[in-house]
Amino acid sequence: MAAGSNSNLRITIERNPPQSRLAELNIKCWPKWGCSPGKYQLKFDAEETCYLLKGKVKAYPKGSSEFVEFGAGDLVTIPKGLSCTWDVSVAVDKYYKFESNSSSTSSSSSNC
């Protein structure tokens, strides 16, 4: 097994995914969220997938001095259970979706 307890809590980034991938995910039906520049303490109680329309973020996982940087045009997956600080240098505007095992709204319907 992995030595570090946070080894599975990694932010993954897909840089500039093709339009076909975004259409497959149906992101334009996802809710939108935005924030102004600043530092935000965040804890993810569910896995989040988001697509940044605007912005630039450095995410520092709790207890680490390392960071992951992402911004406009990136498709980002943040694992359930991750606590981190978002250092937002350029205001963020994103589509987002939380994974939920108990939700029936995640049907494969292409209509919003």
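I began with Val92 and set aside its neighbours within four places in sequence; Val92 is then in contact with Trp33, Gly34, Cys35, Leu52, Lys54, Gly55, Lys56 and Val57, where contact means heavy atoms within 4.5 Å. The model is predicted, so I note that local features need pLDDT of at least 70 and side-chain atom pairs count only at pLDDT 80 or more, while totals for chains, interfaces and linings use all residues. Residues are numbered from 1 along each chain as its sequence is written, and side-chain values use heavy atoms, with hydrogens and water left out.

I placed Val92 in strand β7; strands (E, at least two residues) and helices (H or I, at least four) are DSSP runs numbered from the N terminus. Val92 counts as buried because its relative accessibility is 4%; buried means under 20% relative accessible area, exposed over 50% and partly exposed in between, with a 1.4 Å probe and protein chains only. I also looked up Ser36, which is 56 residues from Val92 along the chain, and found their C-alpha atoms separated by 6.5 Å.

**Whole chain**

I recorded 1 helix and 7 strands for the protein chain, in the order β-α-β-β-β-β-β-β from the N terminus on. Of its 112 residues, 30% count as buried. Among contacts with a separation of 6 or more, 81% are between residues 24 or more positions apart. The accessible surface comes to about 7,200 Å², and 48% of this belongs to carbon and sulfur atoms; the areas come from the Shrake-Rupley method with a 1.4 Å probe, and for residues only the protein chains shown count as cover.

**Aromatic rings**

I turned next to rings of Phe, Tyr and Trp (its six-membered ring), which pair if their centres lie within 6.5 Å; planes under 30 degrees apart count as stacked, over 60 as edge-to-face and the rest as tilted. The count by this rule is 5 aromatic pairs. Trp33 and Trp86 form an edge-to-face pair, because their ring centres are 6.4 Å apart and their planes stand at 80 degrees. This pair links distant parts of the chain, with Trp33 in strand β2 (residues 32-35) and Trp86 in strand β7 (residues 83-98), 53 residues apart. Trp33 is partly exposed at 33% relative accessibility, whereas Trp86 is buried at 1%.

Phe70 and Trp86 are also edge-to-face, since their centres are 5.5 Å apart and their planes at 75 degrees. Phe70 is in strand β5 (residues 68-71) and Trp86 in strand β7, so this pair ties together parts 16 residues apart in sequence. Ring pairs join Trp33, Phe44, Phe70 and Trp86 into a cluster.

**Nonpolar cores**

I then examined the cores, each a set of buried Ala, Val, Leu, Ile, Met, Phe, Trp, Tyr and Cys residues joined through side-chain atoms within 4.5 Å. The largest has 15 residues, and those with the most contacts inside it are Ile11, Leu52, Val57, Phe70, Val76, Ile78 and Trp86. Strands β4, β6 (74-78) and β7 each give two or more residues to this core. Apart from it lies another core of 6 residues, among them Ile27, Trp30, Tyr51 and Leu75.
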